[in-house]
Amino acid sequence: MVPRMKIDALVVGAGPVGLTMAAELARYGLSVRIIDKAPQPTDKSKALVLWSRTLELMDRMGCTASFVAAGFKAPGASVSAGGQQLAHLSLGEVASPYPYALMIPQSDTERLLTQHLQSLGITPERTVELMHFSDSADGVVSTLRHADGREESVESSWLLGCDGAHSTVRHQLGLEFQGNTLNSDWVLADVHLSGVPNAAQVNVMWHSDGVLVIFPITESRFRVIADVEKPPGETHRADPTMEEIQAVLDRRGPGGIQASEPIWLAAFRINERKVADYRAGRVFLAGDAAHVHSPAGGQGMNTGMQDACNLAWKLALVSRGLCAPTPLLESYSLERSAVGDQVLKGAGRMTTIATMRGGLQQSIRNHVASLVFGLPPVRHAMADALTELSIGYPDSPLSVRGSSAHAGPQAGRRAPIREGEAPVGAGDTPRFALFAKADDRTAALLAKYPNLVEPRVREPFEPGGIWLVRPDGYVAAAAATADGDAISSFLAMVSAR
Ligand SMILES: Cc1cc2nc3c(=O)[nH]c(=O)nc-3n(C[C@H](O)[C@H](O)[C@H](O)COP(=O)(O)OP(=O)(O)OC[C@H]3O[C@@H](n4cnc5c(N)ncnc54)[C@H](O)[C@@H]3O)c2cc1C
């Protein structure tokens, strides 16, 4: 086989993460192919929620509006036990243009992402499987197998393993998927329900038997999830019947909820696993290929899509020769692996609390929950964590602080989004943005880095400070105005020498 013309990036996997990755790389002008071994996309609702931070990142991609039009806005969530509300979490006050959970089945998310990708001139190639690859200092050569058995050799500068929990790329790299499978069995039903109280919100019901969660998908369609006992003698739990789902709703719910018109009934177990390093040379992992965890909190797909948004602009700047590979590409795994660890821990904790057994433990849990969730700061912190607005990279080598104190967002934190302002990183060039009072020094910075920094200085977040914001909307460098060298040091550190 003779390798064909070299492309910039080969994306393996056309799930939500691969589609996001391919769209972001294509938007920034890289030559991209995206392949998937499956003949068609999923028709299942799997990951149901897009959180505020993901929607904000999709604004830069230029595709949020179609998702908001197709989705259902859930204003919050409540936790109850024995018919009594223990906690209510409202998302209406989070500081985002998207103060809600956007409920949308994964099948629709993939359809809309595919349309967005096609608007950039790229169509996922289906029934094309990555068999193996070899990575060298100059590029990656991958062997693909087509549906008719034909093999093809593709040379690319980068290989992006977005190929899910059973990732071929991860296996071939020999990376350990550290973690375990939880010893609990779950059932899931995508059904129509009537009689759900406060139907627009996510309802979590703690019961002595276990947990029942009801998520809205549309006004009449819902996702039901419950942990259940395995029938004696079975090693793997069979998919539930409608009778079993109705029985769980009757026993653990408030009464009067009627299920009908099943769309998808499934049993599943929870895996909590992650690789330590998301990068090996020119090969990167993102999404379920790098981390899987409990669906509690609905963070899985969102975390994966944000992996893609984190990496794409870095690869684009390095591929265009505008930035040096170090530290930009090294920062990907450092930043996203730390987020993956937090998500695993948070989702694991929520699962442990929800599935607690024993009357005494459960009543202590319920009492503590109603006390803790009664505190507004706890509710705000929880809302910021769920919506992923609190994600940041303060310990990244790409987060540079000036030496003097200043008000406003700190290095590594998400930059505030101001109404009516174009998102940083939108358009076809990944540029940093300078937020400062325009003066001779900012003019000199713009003149020195015309390809790296937007040509116009934006209004500062607070008087007396200067900020450089990354193309993915996080603060790269922040300093008091008098200490503006932090900005030029950062640009000198990342730019190609
Ligand atoms: C039953 C169920 C319920 C879930 N519920 C939720 C939820 O409520 N909230 C949530 O956030 N997440 C949920 N998830 C998880 C969510 O679906 C995943 O996090 C998400 O799909 C990950 O996206 P991905 O693109 O990384 O991987 P995937 O969606 O798995 O996509 C990977 C793609 O790679 C392709 N592929 C694999 N190997 C190769 C190869 N060698 N060559 C070519 N192509 C290949 C596969 O065909 C696949 O299409 C659920 C998952 C399941 C199964």
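Helix axes are here lines fitted to C-alpha atoms over the stretch in contact, and the angles between them run from 0 to 180 degrees between N-to-C directions. The model is predicted, with local features requiring pLDDT of at least 70 and side-chain atom pairs counting only at pLDDT 80 or more, while totals for chains, interfaces and linings use all residues. Residues are numbered from 1 along each chain as its sequence is written, and side-chain values use heavy atoms, with hydrogens and water left out.

**Helix packing**

Helices (H or I, at least four residues) and strands (E, at least two) are DSSP runs, numbered from the N terminus. The axes of helix 2 (residues 52-61) and helix 7 (residues 300-319) come within 10 Å and cross at roughly 35°. This crossing of helix 2 and helix 7 is left-handed, a term for a near helix turned anticlockwise from the far one by less than a right angle. Where the two meet, helix 2 contributes Arg53, Thr54, Leu57, Met58, Arg60 and Met61, and helix 7 contributes Asn302, Met305, Gln306 and Cys309, contact being defined as heavy atoms within 4.5 Å.

**Aromatic pairs and ring faces**

The whole structure holds ten aromatic pairs, where rings of Phe, Tyr and Trp (its six-membered ring) pair if their centres lie within 6.5 Å, with planes under 30 degrees apart counted as stacked, over 60 as edge-to-face and the rest as tilted. One of them, between Tyr278 and Tyr332, is edge-to-face, at 5.9 Å centre to centre and 65° between the planes. This pair links distant parts of the chain, 54 residues apart, since Tyr278 lies in the loop between strand 16 (258-274) and strand 17 (279-280) and Tyr332 in helix 8 (residues 325-354). Both Tyr278 and Tyr332 are buried, where buried means under 20% relative accessible area, exposed over 50%, and partly exposed in between (1.4 Å probe, protein chains only). Ring pairs also join Tyr278 and Tyr332 with Trp158 and Phe284 in a cluster.

| Arginine | Ring | Distance from ring centre |
|---|---|---|
| Arg170 | Phe177 | 3.6 Å |
| Arg282 | Trp158 | 4.7 Å |

**Asp485**

Asp485 is found in helix 12 (residues 485-494) and, at 51% relative accessibility, counts as exposed. The C-alpha atoms of Asp485 and Gly402 are separated by 7.7 Å, although these residues are 83 residues apart along the chain.

How values were computed. Lys NZ or Arg CZ within 6 Å of the ring centre and 35° of its normal.
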